[in-house]
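User: Hi! Could you walk me through this model?
Analyst: Happy to, here it comes.
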Amino acid sequence: MAISLSKTFLPINNQLGNHHVLPSEKRCPVSFSGQKSHLVRTKSMEIATRPLMIPRVLSRTSESLSSVINELEKERKAKEEEEEDIAAGKEEERRVADVWREIHGQDDWVGILDPMDPLLRSELIRYGEMAQACYDAFDFDPFSKYCGSCRFAPHQFFDSLGMAHLGYMVSRYLFATSNINLPNFFKKSRWPKVWSRNANWIGYVAVSNDEMSETLGRRDITIAWRGTVTRLEWIADLMDFLKPISSNKIPCPDSTVKVESGFLDLYTDKDVNCRFCKFSAREQILTEVKRLLELYQDEEISITMTGHSLGSALAILSAYDIVETGLNVLKDSRAVPVSVLSFSGPRVGNVRFKERMEALGVKVLRVVNVHDIVPKSPGLFFNENVPPMLMKLAEGLPWSYSHVGVELALDHKNSPFLKQTGDLTCAHNLEAHLHLLDGYHGKGHRFVLASGRDPALVNKATDFLKDHYLVPPYWRQDENKGMVRNKDGRWMQPERPKLDDHPEDIHHHLKQLGLATEH
């Protein structure tokens, strides 16, 4: 005879129906171990049980337990996500200070380039913008009597460029003599009355303010070098000839350490009859860095070089010089880390120079576009890509070059914003590099702008964006080419504040460095 279980055990079901097996107001935590779920009971949830499990009661109870477990699991995940969000917020506030040494190459950027570390990306863009500021502030208009100078006073530099948020203060400007053979690097005015006939502004030294230093976890001294404005003819100006770095009075224990002669001359030459370049760029850099290191000697300090194009070469040379002379060693014997974050830079020296840089501990990260011709120069035939045996044979040749540091290779063809073009200056453009950095997440990853950096910046000095974005090429320009109306209603070029040349204490620091001169 068939027996209905539901009818047979109905009285028991009715008896249990008045009990809440797991009331929501008295839920207890559920712990998960492996793949099994365990329910922890409390005394407040004790239920009368029978030695015999009843099928219908078991079904209803299992459904309740499953529902509770699911709810608890959702709550646990929600709590974990909330904790992660809180932790991420705290990490965003503190992590720059915590990992700045790794960001600046303490471990040679191992494991943070591919996939791309978000903090490294943002820091590279920040320093790239400091290099870009050299272009944005440079007066390269031949019809300006200030052509070849900076358009802004040092104390107004970042404010004038809308970059006050960077949290840096310019401590001094850098100048170089235009008497060396790099005509496409230097700009001169066509007017007879000019600010200087033999000098060009080539960069600046800046230091982080107190608020920014707290964020960064140290006082950061940044040297930004200007490169070439748009044209690439300066590559043809290079003599493509290596000479010992010690030949220009830069200390080096190895006479086989050589660098490209044009870069070396630009860094060390001076004109004693010129107010702005009577001290070489080298002397200007070393004395200012020494002054700042003495000023902030009780703090954690870093020295960061940045530059684009030819400015990248100057950044590498000056970084080498600071460490080789021992200038980065403080009185308490602490060595201030020196790093170079460069963009689209050429090769600077031979393999001996590369090895010497590594031995000194100078960290160099080079950001390049694989379609750019500048990083492939000089050393077209003998370079780091040649088989080691052949490179060994060519080591003594005056045109055998080798890149230094670590390379981060980007490809502008991966950006959906950029069009195909045969214009070589587009692939070399610094704003294009910063755009590629913002979208780079690692090899094989989809190009997605991480910070939402405005792609329109790419067309600031190029015609590189696809036309359907409706951004005109070469859109950045001064209103009315800098002309203003005077009180009589006539248009004229306004006078600019008198440019400072060199600080009064430069002789004192030169003497301490053993570089005292008769100026």
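User: How much of the chain is buried?
Analyst: Buried residues account for 47% of the 519 residues in the chain. Buried here means under 20% relative accessible area, with a 1.4 Å probe and protein chains only. This is a predicted model, where local features need pLDDT of at least 70 and side-chain atom pairs pLDDT 80 or more, while totals for chains, interfaces and linings use all residues. Numbering starts from 1 along each chain as its sequence is written, and side-chain values use heavy atoms, without hydrogens or water.
User: Thanks! How many helices and strands are there?
Analyst: The chain has 15 helices and 13 strands. These are DSSP runs numbered from the N terminus: H or I of at least four residues for helices, E of at least two for strands.
User: How do the axes of α4 and α14 cross?
Analyst: Helix α4 (residues 118–137) and helix α14 (residues 430–439) have axes that come within 10 Å and cross at roughly 170°. The two are therefore roughly antiparallel to each other, a label for angles over 145 degrees. The axes are lines fitted to C-alpha atoms over the stretch in contact, and angles run from 0 to 180 degrees between N-to-C directions.
User: And which residues make that contact?
Analyst: From α4 they include Arg121, Leu124 and Tyr135, and from α14 they include Leu434 and Leu437. Contact means heavy atoms within 4.5 Å. The residues of this contact divide into seven nonpolar, two polar and four charged; Ala, Val, Leu, Ile, Met, Phe, Trp, Tyr, Cys and Pro count as nonpolar, Asp, Glu, Lys and Arg as charged, and the others as polar.
User: What about Glu123, buried or exposed?
Analyst: Glu123, found in helix α4, is buried, with a relative accessible area of 8%. Leaving aside neighbours within four places in sequence, Glu123 is in contact with Ile103 and Leu216.
User: New topic: which members of the largest nonpolar core touch the most others?
Analyst: Of its 61 residues, those are Phe157, Phe158, Trp201, Tyr204, Leu408 and Leu437. The largest share, 11 residues, comes from α4. Such a core is a set of buried Ala, Val, Leu, Ile, Met, Phe, Trp, Tyr and Cys residues joined through side-chain atoms within 4.5 Å.
User: Last one: which residues of α11 are buried?
Analyst: In helix α11 (residues 351–360), Val351, Phe353 and Met357 are buried. Seen down the axis of α11, the buried residues fall within an arc of 160°, so they line one face of the helix. That arc uses the directions from the helix axis to the C-beta atoms.

Notes: Parallel < 35°, antiparallel > 145°, perpendicular 65-115°, else oblique. Buried < 20%, exposed > 50% of the residue type's maximum accessible area, 1.4 Å probe, protein only.
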